[in-house]
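Here is a short briefing on the structure shown below. Keep the sequence at hand while reading.

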Amino acid sequence: MKQEEIRKKVLMAPLDHWTLIPFFAGSAIGLGGWAFSSLSGPLAGGSLLLMLSSLGIYANRLLFGWDHQQNKVLRQWRQQVESKREAELDTLLRDLRQDQDPRTQALLQDLRTLTKALQQTEGEDNFYTELDVLSDVDRLFRCSVDSLRESLELWETAANMQQEHIKSQLLLQREQLIAEVEQSLKHLGSLLSRFKQVTLQGNKAQELARLREELSSRLRIAEAVEARVSALRDGKSADYDENDFDQIHSP
């Protein structure tokens, strides 16, 4: 979810019947008096007062309810994202049992656990910075899930190959994907610990920015590996940053 979308939802939140009824009532009184040429001073004043009170109610609710609405929008977004992908992940978990490799199933389960723990972290200060971090967490999670799905497809293709050298190449590419998912999982585990610590600190903007920078770097590497393996499988040359890819086995 983008920051602009959140701001739009927060700005629209106070526009319910409590805010709009006085405005429409004042507008109706003013227009009715004008239409029948009976708009007296008191009537016009009452009409204006109702419309101004509507504006005041909106401004008051927006000012004092901004943080609450931000967190409400974020919670709703998380619930939508989680409910949409849970069924898909359950299906993938069942499919991963076909490769008879317990690593892929365990990786998916751990990814779900860590990502859910990170997404449940609530914040009020540095809201948009935290949102950026959580959005990148979700992207890394989806990238890792795609890699696990790709690893299953490589296993299925290798199982149907008759030539051993091609089968070995496919299984090697699969191992690269699994290794990268393991690295992403380790990064998410470290991120969870540090993110929890950061949320308890007073001045956390700088540390959040550093966390996001590290997370973005890991995300670029994960996407580069996935693109490279997919390209190798399809017999194409991958378009990725070689410097990012070289960091995969860096300490």
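Helices here are DSSP runs of H or I with at least four residues, numbered from the N terminus. By that rule, Leu 55 falls in helix α3, which covers residues 41-64. The model is predicted.

**Nonpolar cores**

- In soluble globular proteins, nonpolar side chains tend to be buried together.
- The largest nonpolar core in this model has 31 residues.
- Leu 108, Leu 111, Leu 118, Val 137, Leu 188, Leu 191 and Phe 195 have the most contacts inside this core.
- Five helices each supply at least two of the core residues: α4 (66-96), α5 (102-119), α6 (127-159), α7 (164-198) and α8 (205-234).
- Helix α6 gives the most, with nine residues.
- What does Leu 111 touch, leaving aside residues up to four places away in sequence? Its contacts are Phe 141, Ser 144, Leu 148, Val 181, Leu 185 and Leu 188.
- A second core is separate and has seven residues. Leu 177, Ile 221, Val 225 and Val 229 are among them.

- Leu 177 sits in helix α7.
- Is Leu 177 buried or exposed? Its relative accessibility is 1%, so it counts as buried.
- Leu 177 and Ala 222 are 45 residues apart in sequence. Their C-alpha atoms are 8.7 Å apart in space.

**Salt bridges**

- The structure holds 11 salt bridges.
- Asp 101 pairs with Arg 103 through their side chains, at 2.8 Å from N to O.
- Asp 101 also pairs with Arg 174, at 3.2 Å from N to O.
- Why does the pair of Asp 101 and Arg 174 tie together parts that are 73 residues apart in sequence? Asp 101 lies in the loop between α4 and α5, while Arg 174 lies in helix α7.
- Arg 174 forms a salt bridge with Glu 175 as well, with the closest N and O atoms 3.7 Å apart.
- Shared partners join Asp 99, Asp 101, Arg 103, Arg 174 and Glu 175 into one network.

**Burial within the network**

- Buried means under 20% relative accessible area, exposed means over 50%, and partly exposed lies in between.
- Asp 101 has a relative accessible area of 9%, so it is buried.
- Arg 174 is buried too, because its relative accessible area is 5%.
- Arg 103 is partly exposed, at 31% relative accessibility.
- Glu 175 is partly exposed, at 32% relative accessibility.

**Surface patch on the leucines**

- Leu 48, Leu 52 and Leu 55 make a nonpolar surface patch of about 300 Å².
- Leu 48 is found in helix α3. Leu 55 is found in helix α3 as well.
- Leu 55 is exposed, with a relative accessible area of 53%.
- Leu 48 has a relative accessible area of 47%, so it is partly exposed.
- Leu 48 and Gly 26 are 22 residues apart in sequence. In space, the distance is 6.3 Å from C-alpha to C-alpha.

**Aromatic pair**

- How many aromatic pairs does a search of the whole structure find? It finds one.
- Phe 23 and Phe 24 have ring centres 5.8 Å apart and planes at 75°, so the pair is edge-to-face.
- The cut-off behind that label is planes over 60 degrees apart.
- Phe 23 is partly exposed, at 35% relative accessibility.
- Phe 24 is exposed, with a relative accessible area of 53%.

- Gln 100 is not a glycine, yet its phi is positive, at about 55°.
- Gln 100 lies in the loop between α4 and α5. Asp 101 lies in the loop between α4 and α5 as well.
- Is Gln 100 buried or exposed? At 71% relative accessibility, Gln 100 counts as exposed.

Note on methods. Residues are numbered from 1 along each chain as its sequence is written. This is a predicted model: local features need pLDDT of at least 70, side-chain atom pairs count only at pLDDT 80 or more; totals for chains, interfaces and linings use all residues. Side-chain values use heavy atoms; hydrogens and water are left out. Patches are made of residues with over 30% relative accessible area and no salt bridge: like charges are joined within 9 Å, nonpolar side chains (Val, Leu, Ile, Met, Phe, Trp, Tyr) within 5 Å. Accessible areas come from the Shrake-Rupley method with a 1.4 Å probe; for residues, only the protein chains shown count as cover. A salt bridge is a side-chain nitrogen of Lys or Arg within 4 Å of a carboxyl oxygen of Asp or Glu. Buried means under 20% relative accessible area, exposed over 50%, partly exposed in between (1.4 Å probe, protein chains only). A nonpolar core is a set of buried Ala, Val, Leu, Ile, Met, Phe, Trp, Tyr and Cys residues joined through side-chain atoms within 4.5 Å. Contact means heavy atoms within 4.5 Å. Rings of Phe, Tyr and Trp (its six-membered ring) pair if their centres lie within 6.5 Å; planes under 30 degrees apart count as stacked, over 60 as edge-to-face and the rest as tilted.
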